[in-house]
Amino acid sequence: MERDANIFVTGIAVDYPSGIFGSTTDAVKRFGPKRVFDAPAMENALTGIAIGAAAVGKRPVIVHPRNDFMFLAFDMMINLAAKWKYMYGGNAGNVPIVVRAVIGKGWGQGASHSQSLQSALAHFPGLHVVMPAFPADAKGLMMSALKSDCPVIMLEHRTLYDTAGDVPEGEHYTPIGKAAVVRAGSDLTIVATSFMAYEALHAAEQLAKEGVSAEVVDVRSIRPLDEETILASVRKTGRLIVADTSWELCGFTSEVAALAAEKAFNALKAPVRRINVANCPAPVSQPLEKAFYPTATTIARAALSMLGKQTVTFGDIDRDDNFKGPY
């Protein structure tokens, strides 16, 4: 924002003291209300205004404290931002809009405030959809998004905001469309998105104690998808588990399973296993939430089953959800 005066940030609560889990607090202090300002709950109109601003050279960053609110903006995102460059042969200019949207669970959010929209959004050519899991990628993907000429949607899991990790100082770019092997292994591959990448690492650590070597791939980018890294890992291990923060049917896990079946079938030693939330709307009560969401234990048990090993008691390896809300 210091280098590019065209960048501005808007959305519900971006200028609140809480600053969307603290992520916009410093921007408000340094750049003031002219470049970081609250917006009314009119998601479709706000997105349309931002797209118009982007078309004339601005770089808007829109923040949705819950990605469920984006349903109201789908028309503008999918029928305008995603298609303008194609429909007008590049003559209508680029639409360099960045949309930050919060996904996740906890605090009794319920059916209409706990969804993960990556599969729906990534279905449409013209949009880039990314999901950082680790602190360095939260910075790196945002910086890459602010350099992109395409509309980029960054889905951020609310459970990860208090995660600590090394973050490079200065300019740091995580390439959009490139996955990361965050743990090497030889017995099976776990491909995971967002918070599930974190859970996959916990599962892999426990599996190692049982003599199982699990490779963990953090996809980071849903569209474009890094098929090469995923397929290389599947061909190496011969087994694949895919873990996602949303539902199974027509979802990201199904896409990766199809990818393995189409392009690495001869390497597979076992059927692909998909790990997803339960096939129902998100519940409100805490006991039902625990049954609804998969965890590190879910992944670890699936891995042992895939390898024909006896299920063991892993103990308390699942991360506590301390989210208090709202944002």
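Modeller: Buried means under 20% relative accessible area, exposed over 50%, and partly exposed in between, using a 1.4 Å probe and protein chains only. Keep in mind that this is a predicted model, where local features need pLDDT of at least 70, side-chain atom pairs count only at pLDDT 80 or more, and totals for chains, interfaces and linings use all residues. Residues are numbered from 1 along each chain as its sequence is written, and side-chain values use heavy atoms, leaving out hydrogens and water.

Colleague: Okay, and why is the pair F195 and Y198 stacked?

Modeller: Their ring centres are 6.2 Å apart and the planes sit at 15°, so F195 and Y198 count as stacked. The rule pairs rings of Phe, Tyr and Trp (its six-membered ring) if their centres lie within 6.5 Å; planes under 30 degrees apart are stacked, over 60 edge-to-face, and the rest tilted.

Colleague: Where do F195 and Y198 lie?

Modeller: Both are in helix α8, three residues apart, about one turn of the helix. Helices (H or I, at least four residues) and strands (E, at least two) are DSSP runs, numbered from the N terminus. An α-helix has 3.6 residues a turn, so residues three or four places apart point the same way.

Colleague: And Y198, buried or partly exposed?

Modeller: Y198 is partly exposed, at 21% relative accessible area.

Colleague: Switching topic: what covers the buried residues of α12?

Modeller: The cover includes β8 (188-192), α8 (194-209), β11 (240-243) and β12 (273-275), with contact meaning heavy atoms within 4.5 Å. Eight of the 11 residues of α12 (residues 296-306) are buried, so the helix is largely enclosed by the rest of the structure. Among those buried residues are I299, L304 and M306.

Colleague: Which residue follows α12?

Modeller: That's G308, and its phi is positive, near 75°.

Colleague: How many aromatic pairs does the count come to?

Modeller: Five by this rule. In one of them, F21 and Y161 have ring centres 4.3 Å apart and planes at 15°, so that pair is stacked. The pair links distant parts of the chain: F21 is in helix α1, while Y161 is in the loop between β6 and β7 (180-183), 140 residues apart.

Colleague: And F21, exposed or partly exposed?

Modeller: F21 is partly exposed, with a relative accessible area of 26%, and Y161 is partly exposed too, at 25%.
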